[in-house]
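Please read this short report alongside the sequence and the model.

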Amino acid sequence: MRRYHVTTFGCQMNVHDSERIKGMLEAAGLGEAPDRDEADVLVFNTCTIREKADDRLVQHLHDARGRKDRDPDLQVVVAGCWAESQREAIFKDFPWVDAAVGPGRISSLGDAMRADGERRGAFGSFDDFAADLPQRRERNFQAWLQLSMGCNSVCSYCIVPSVRGRERSRHPREVLAEARSLAVDGVVELMLLGQNVNSYGRDLPPAERCTFAEMLRGVDAIDGISRIRFMSPHPKDMRGDVIAAMAESDAVCEQLHLPLQSGSSRILKRMRRTYDQGRYLDLVGRLRHAMPDIALTTDVIVGFPGETEQDFQDTLDVYEAVGFDHAFTFIYSPRNGTEAAGFEDQVPDAVKHERLERLVDVVQRHAAARNAALVGTVQEVLSEGPSRTDPHVSRGKTRGNKTALFTPAAAAGTTVQVRIEETTSQTVRGTVESPVPA
Ligand code: 5AD
Ligand code: SF4
């Protein structure tokens, strides 16, 4: 039996697409190899969001070429956003790549692997949902649920719309049917996915229209689903109906990833984010009013073209004012074909790095403080099994999406109440409360 190995880069949408890729390869009779060295088919599901992602992938492809020189039967397959962005040049620049498919063409993977010449590549055309393909889930109690694909925003730094196409929402009936069947399979936690998840439904024909808020309520009503998260929302689409649906749906976790990108209204405008500092802070206020314990995380880009010291200071000020639980921090990376890559006033690398360091200090300080505030509280934790270092300690996630370590150990997929005793900026740690007799 030929064996495959999939290496996944990038966002959760890619992680989910990789489950579909694995499902398809297994349906075609392949088995999974434990690591790249033992595989006959190497699949790279790629990301191109920043230059660093590209560089890493190219290194992997060169390693694969070395292996292929020794073993000509090895197949090298590239899927995902980088493949789409390189559609014109991929087989010329990397002639040892056997097949390549963009994120809208995962269903063509098998055909591309069997084909010769040009047909080894399948790109563009975002007609079919990967969601309709077989999948192989990593965990039986958690699942991704794809609501939409593509993105209609025009953020000036971002390459995603050009590699994932325009936004298309899945039919609500299909989404809810998948959610129900996952629940029947024993899934308790769902992560709703979309490039811009909370603009879900706007492109559906009026007779079938379902808003994101309605979808949250619909999934919340499914028996057995006790945790719902979603990613990534855009602040512009975080309207009152969504906030109310979050607050009123028991299963929706008290947690939100709300990408800020910059705290400077001037930079936000150049990024084409369509909100400014005031509107973002107002939104945080409304979220906290509705859900006082909500954990907020965010994405921040430093060194966007034209960012002055004052603009960066605005970002730090917003960060301090919100007091996020955590953040992903990025150095701006110009992407070919995006509007911002053409801006004249690119920020020097040294300045970008210096700002990133200052921001990371603030992020760490708030992460430590937000976690420390949980000492003494009892948190619901969904166990993901033993911790990496000690089988007597379990690891899981709180509803606020914090990594929790606890004793005594509990089997993966079970929910326990943990009294938090100590914390770091990365984890919270505590002891399972014995249930109080009623
Ligand atoms: N440079 C740096 N960071 C970027 N992101 C998106 N495009 C770029 C870019 N060109 C970040 C944004 C986004 C996250 C997924 O990646 O913060 O929210
Ligand atoms: Fe990377 Fe964006 Fe593609 Fe996700 S959608 S894999 S973050 S380029």
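This is a predicted model: local features need pLDDT of at least 70, side-chain atom pairs count only at pLDDT 80 or more; totals for chains, interfaces and linings use all residues.

**Domains and the contact between two of them**

The domain assignment divides the chain into domain 1 (3–122), domain 2 (137–253) and domain 3 (378–435). The centres of domain 2 and domain 3, taken over C-alpha atoms, are separated by 27 Å, and 12 residues of domain 2 are in contact with 12 residues of domain 3. Between these two domains an area of about 820 Å² is buried, with carbon and sulfur atoms giving 43% of that area. On the side of domain 2, the residues Phe141, Arg227 and Arg229 supply 61% of the area that this domain buries against domain 3, which is more than any other three residues supply.

**Salt bridges**

How many salt bridges are counted between domain 2 and domain 3? The count is 2 salt bridges. Arg227, already named for its part in the buried area, forms a salt bridge with Glu380, in which the closest N and O atoms are 3.0 Å apart.

Over the whole structure, a search finds 40 salt bridges. One further pair consists of Glu32 and Lys22, whose side chains meet at 3.4 Å, from N to O. Because Glu32 lies in strand S2 (residues 31–32) and Lys22 in helix H1 (residues 12–27), this pair ties together parts that are 10 residues apart in sequence.

**The second largest pocket**

The second largest pocket has a volume of about 350 Å³. It is lined by 14 residues, and those closest to its centre are Arg50, Lys52, Phe330, Ile331 and Ser333. Two or more residues of the lining come from each of helix H2 (51–70), strand S14 (326–331) and helix H13 (349–372), and H13 gives the most, with 4 residues. By residue type, the lining divides into 5 nonpolar, 3 polar and 6 charged residues.

Most residues other than glycine have a negative phi, and most peptide bonds are trans.

| Residues joined by a cis peptide bond | Omega |
|---|---|
| Met231 and Ser232 | about -15 degrees |
| Thr407 and Pro408 | about -15 degrees |

Where in the chain is Ser232 found? Ser232 is in the loop between strand S11 (227–231) and helix H9 (240–248). Pro408, for its part, has its place in the loop between strand S17 (403–407) and strand S18 (415–423).

A further backbone feature concerns Gln261, which has a positive phi of about 75 degrees although it is not a glycine. Gln261 is found in the loop between strand S12 (255–257) and helix H10 (265–271).

Note on methods
Residues are numbered from 1 along each chain as its sequence is written. Chains are lettered from A and ligands numbered from 1 in the order in which they are written. Side-chain values use heavy atoms; hydrogens and water are left out. On a 1 Å grid over the protein atoms alone, a cavity is a set of points where a 1.4 Å probe fits but cannot get out, and a pocket is an open set with protein on both sides within 12 Å along at least five of seven lines; lining residues have an atom within 4 Å of a point. Grid points are joined across faces, edges and corners, and a volume is the space filled by probe spheres set on the points. Ala, Val, Leu, Ile, Met, Phe, Trp, Tyr, Cys and Pro count as nonpolar, Asp, Glu, Lys and Arg as charged, and the others, Gly among them, as polar. Domain bounds come from an automatic or database domain assignment. Contact means heavy atoms within 4.5 Å. Buried area is the accessible area (1.4 Å probe) that two parts lose on being put together, summed over both. A salt bridge is a side-chain nitrogen of Lys or Arg within 4 Å of a carboxyl oxygen of Asp or Glu.
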